[in-house]
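Morning, everyone. Have a look at the screen, and then we will walk through it residue by residue.

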Amino acid sequence: MAGLNPNTPHPVELTLHAKSRVLEIAFADGARFRLPFELLRVLSPSAEVQGHGPGQETLQTGKREVEITALEPVGHYAVKPTFSDGHDSGLYSWDYLYRLGAEQEQRWTDYLARLQAAGLDRDAPMAGKAGSACGHSH
């Protein structure tokens, strides 16, 4: 499998905290991360978000209140969340989740910088989609 690191510790615990909108994940090496649903959604490894190459990313906005409505295991290497905005095409490998946790602060800072550079607010509705999936009337 491309992108899988055989040295990445396997998760020993995976807990969805719906109220605080956090995925808590503990790995066999003792690392434990609390990943906000919003971070997971805006940094989804899916082609819809990442594009098919450098520079083709779609900057995600309006995801502060997003929830994970389902979390399916994919083999012994990943999970596939379904988000409340309908997004469900991201496969989050253990390696990717570990890196997100370890690099969470830097990745969040980078995301906010990309928003600022694009002149976007993180709570702005996504542009270019028919209808709004955020549940608010605008």
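Start at Asp121. A polar atom of the Asp121 side chain lies 2.7 Å from the backbone nitrogen of Asp123. Asp121 sits in the segment after α4 (104-118). Helices here are DSSP runs of H or I with at least four residues, strands are E runs of at least two, and both are numbered from the N terminus. Asp121 counts as partly exposed, because its relative accessibility is 46%. The cut-offs: buried is under 20% relative accessible area, exposed is over 50%, and partly exposed is in between, with a 1.4 Å probe and protein chains only.

A word on the source. This is a predicted model, where local features need pLDDT of at least 70, side-chain atom pairs count only at pLDDT 80 or more, and totals for chains, interfaces and linings use all residues. Residues are numbered from 1 along each chain as its sequence is written, and side-chain values use heavy atoms, with hydrogens and water left out.

Now the overall layout. The chain has 4 helices and 6 strands. In sequence order they run β-β-β-α-α-β-β-β-α-α. There are 138 residues, and 37% of them count as buried. The chain exposes about 8,000 Å², with 52% supplied by carbon and sulfur atoms. That area comes from the Shrake-Rupley method with a 1.4 Å probe; for residues, only the protein chains shown count as cover.

Next, Arg41. It is in helix α1 (residues 37-42). Buried or exposed? Arg41 counts as buried, because its relative accessibility is 2%. What does its side chain meet? There is a polar contact with the side chain of Gln60 at 3.1 Å. Another goes to the side chain of Asp85, at 2.8 Å. Leaving out residues up to four places away in sequence, Arg41 also touches others, including Glu48, Val66, Phe83 and Tyr92. Contact here means heavy atoms within 4.5 Å.

Tyr92 leads us to the core. The largest nonpolar core has 23 residues, and Leu35, Leu40, Tyr92 and Leu97 have the most contacts inside it. Such a core is a set of buried Ala, Val, Leu, Ile, Met, Phe, Trp, Tyr and Cys residues joined through side-chain atoms within 4.5 Å. At least two residues of this core come from each of β2 (22-27), β3 (32-36), α1, β5 (78-83), α3 (94-102) and α4. Beyond four places in sequence, the contacts of Tyr92 include Leu40, Tyr77, Val79, Phe83 and Leu97.

On to the sheet. Three strands make an open sheet in the order β4-β5-β6, with antiparallel pairing. β4 and β6 (92-93) are the edge strands, each pairing on one side only. Two strands pair if DSSP finds at least two bridges between them. Strand β4 (residues 68-74) and β5 pair over 6 bridges, in the antiparallel sense. One of the partners is Ala78 in β5, bridged to Val74. β4 and β5 form a hairpin with 3 residues between them, and Gly75 in the turn has a positive phi of about 55°.

Last, the rings. Phe, Tyr and Trp rings (the six-membered one for Trp) pair if their centres lie within 6.5 Å; planes under 30 degrees apart are stacked, over 60 edge-to-face, and the rest tilted. That gives 5 aromatic pairs. Phe33 and Tyr98 are edge-to-face, at 5.3 Å centre to centre and 90° between the planes. Phe33 lies in strand β3 and Tyr98 in helix α3, so the pair ties together parts 65 residues apart in sequence. Trp108 and Tyr111 have ring centres 5.1 Å apart and planes at 40°, so that pair is tilted. Both lie in helix α4, 3 residues apart, about one turn of the helix. Finally, ring pairs link Phe27, Phe33 and Tyr98 into a cluster.

How values were computed:
A polar contact is a pair of N or O atoms within 3.5 Å; within protein, one must be able to donate a hydrogen and the other to accept it, and residues adjacent in sequence count only if both atoms are side-chain atoms.
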